[in-house]
Amino acid sequence: MDWLNANDYELARQVLQRGVAAIYLIAFLSTAAQFRALLGEHGLLPVTQLLKYHRRGPTLFRWRYSDRLLMAVTIVGAALAVTVVAGLPQLGPPWLPLIVFLSMYGLYLSIVNVGQTFYSFGWESLLLEAGFLVAFLGSDAVPPPTAILILTGWLVFRLEFGAGMIKMRGDRVWRDLTALYYHHETQPMPNPVSRFAHHLPKPVHKLEVLGNHFAQLVVPWLLFFPQPVRSGAAAIIIFTQLWLVISGNFAWLNWLTIVLAFGAVSDSVAHALVPAIPLDWGAATSAPIWWIVIVLAATAFMLVLSYWPARNLVSRRQLMNASFNGWHLVNAYGAFGSITRPRYEVIVEGTDAAEPTDAADWREYQFKGKPGDVMRMPRQFAPYHLRLDWLMWFLPLRGGPERWFVAFLVRLLEADRRTLRLLRVDPFHGRPPHAVRARLFVYHFTTRAQKRATGAWWVREPVDEFVPALSLDGRR
């Protein structure tokens, strides 16, 4: 039964376990900092109201939600993640990392299943599936299981190939290689390098798109080839994901993909490239029967669930970032099947004026990540996830204000402290304004000449009113 043991993949196991745990740590910290303002008892979309009228998937909050319980969940989850990053459960029997990872998975699943639109991103399901998978990698007491590493490759395949197919079936700019004429400028949350990437020559942009198609449509198949081809495929995926890390803010999507791709890197290939990496650091050469049975049962379970995402990959109506069960296991992935051309931004303003007309003194609220002040350089936040800022990008694409956004404006009128902590600048310094409004602007990166002349990163032009002036007394 030696084929069940991947003795040449100890590096892969270490990177998978510690890397996935590190992302869980970031996810729990992000939740601790933002959840109560967005979804808590007095949040924009209160979980208590959701559970009163809707039955959700598996969650600890099904019977009771409170902000204190939410914080307890995040603290326990973060503490468990720290132990794995430090390598402590891995020193024990194989069931110990299994329990720790399944606990983190269950705690975060409880959050995602009540997170509504603020937790509707594909990387939430990706983190859940990754956490469930690496739970069965065991500890240092057993060799890495071959079946789990193959399933990890299947996860990366769905992630990359699914993204490639959604692009080819979607916007024509992916097929005519012009997608990156726009994407660096219009992506949800640009970073300091995005403007430089946007101004690269157009032939370079076309080469970027060709490289993306190769990395997402061809390379994933090589993950199932013998070594060293498999490690080479992982290296290409890691390289392309690093470019996405450098040029944008996509929460932990790219970082987690990099970690998962390491599951295809063997110790012998890694040692050949970096001799300091030992060849024989995995002392265990066999696993007990009971552990093999657990691993094979988990593998069979994941294979059964694979039917729906596999069918989705070949479907003309391919779903993007879809979960086929409430457990968020074996999901469909994909991103940017369509590319926005102009960049629209919703700018939120407030005033103290008794009559909130256009002539009033309107002051702008500034967000941490999304563009606002044209003089401010975009910042790097990933792998941390600014959930409010991301939802602000979707607002203009959905044609009008959503329920959570109206609630957000009300919280500004109330000068709600937790809501204001989600922002970078409150122009009223904790005092409630008399009225707030939202306006729609179109943003473009400045040209090189404009940047030299003004120092601005963006130019913007007003487009339309998004939400008229609102006040708590009901006057407009």
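How do the residues of the lining of the largest cavity divide into nonpolar, polar and charged? The legends below take up this question first, and the structure shown is a predicted model.

**Figure 1. The largest cavity and its lining.** The largest cavity has a volume of about 90 Å³. A search of the whole structure finds five cavities of 30 Å³ or more. The lining of the largest cavity is formed by Leu-4, Asn-5, Pro-143, Pro-145, Thr-146, Ala-147, Ala-287, Trp-291, Ile-292, Val-295 and Leu-296. Two or more of these residues come from each of α6 (146-168) and α14 (289-305). With four residues, α14 gives the most to this lining. The opening question is answered by class: the lining has nine nonpolar residues, two polar and no charged.

**Figure 2. The second largest cavity.** This cavity has a volume of about 80 Å³. Its lining consists of Gln-366, Phe-367, Gly-369, Lys-370, Pro-371, Gly-372, Asp-373, Arg-376, Pro-378, Arg-424 and Trp-458. By class, the lining residues of the second largest cavity are four nonpolar, three polar and four charged.

**Figure 3. The largest pocket.** The space in the largest pocket is about 1100 Å³. How many residues line the largest pocket, and which lie nearest its centre? There are 46 lining residues, and those nearest the centre are Lys-167, Phe-250, Leu-253, Ala-335 and Phe-336. At least two residues of the lining are supplied by each of α5 (122-134), α6, α8 (183-186), α10 (202-218), α11 (229-247), α12 (253-261) and α16 (387-394). The lining of the largest pocket has 23 nonpolar, 19 polar and four charged residues.

**Figure 4. The second largest pocket.** About 170 Å³ of space lies in this pocket. The residues that line the second largest pocket are Leu-11, Ser-231, Gly-232, Ala-235, Ile-238, Phe-262, Val-265, Val-269, Ala-270, Leu-273, Val-274 and Ile-277. Both α11 and α13 (267-273) give two or more residues to this lining. The largest share, four residues, comes from α11. By class, the lining of the second largest pocket has ten nonpolar residues, two polar and no charged.

**Figure 5. Helix α1 against helix α3.** Two packed helices are described by the angle between their axes and the distance between the axes. For helix α1 (residues 10-39) and helix α3 (residues 67-85), the axes come within 8 Å and cross at roughly 160°. Angles over 145 degrees count as roughly antiparallel, so α1 is roughly antiparallel to α3. Their crossing is left-handed. On the α1 side, the contact is made by Gln-17, Arg-18, Ala-21, Ala-22, Tyr-24, Leu-25, Phe-28, Thr-31, Ala-32, Phe-35 and Arg-36. On the α3 side, the residues are Asp-67, Leu-70, Met-71, Val-73, Thr-74, Gly-77, Ala-78, Ala-81, Val-82, Val-84 and Val-85. By class, the contact of α1 with α3 has 15 nonpolar, four polar and three charged residues.

**Figure 6. Helix α1 against helix α12.** The axes of α1 and α12 cross at roughly 165° and come within 8 Å. The two helices are therefore roughly antiparallel to each other. The crossing of α1 and α12 is left-handed. Val-15, Leu-16, Gly-19, Val-20 and Ile-23 of α1 make the contact with Trp-255, Leu-256, Val-259 and Leu-260 of α12.

**Figure 7. Helix α11 against helix α12.** What is the angle at which α11 and α12 pack, and how far apart are their axes? The angle is about 165°, and the axes are 9 Å apart. At this angle α11 is roughly antiparallel to α12. The crossing in which α11 passes α12 is left-handed. From α11, the residues in contact are Ala-234, Ile-237, Ile-238, Gln-241, Leu-242, Leu-244 and Val-245. From α12, they are Asn-254, Trp-255, Thr-257, Ile-258 and Ala-261. The contact of α11 with α12 is made up of nine nonpolar residues, three polar and no charged. Trp-255 of α12 belongs to this contact and also to the contact with α1. Ile-238 of α11 belongs to the contact with α12 and also lines the second largest pocket.

Terms used: Residues numbered from 1 in each chain as written. Predicted model: local features only at pLDDT ≥ 70, side-chain atom pairs only at ≥ 80, totals over all residues. Heavy atoms only, no water. 1 Å grid on protein atoms, 1.4 Å probe; cavity = no way out; pocket = protein on both sides within 12 Å on 5 of 7 lines; lining within 4 Å. Points joined across faces, edges and corners; volume = space filled by probe spheres on them. Nonpolar A, V, L, I, M, F, W, Y, C, P; charged D, E, K, R; others polar. Axes fitted to C-alpha atoms, helices over the stretch in contact; angles between N-to-C directions. Parallel < 35°, antiparallel > 145°, perpendicular 65-115°, else oblique. Left-handed = near helix turned anticlockwise from the far one by under 90°. Contact = heavy atoms within 4.5 Å.
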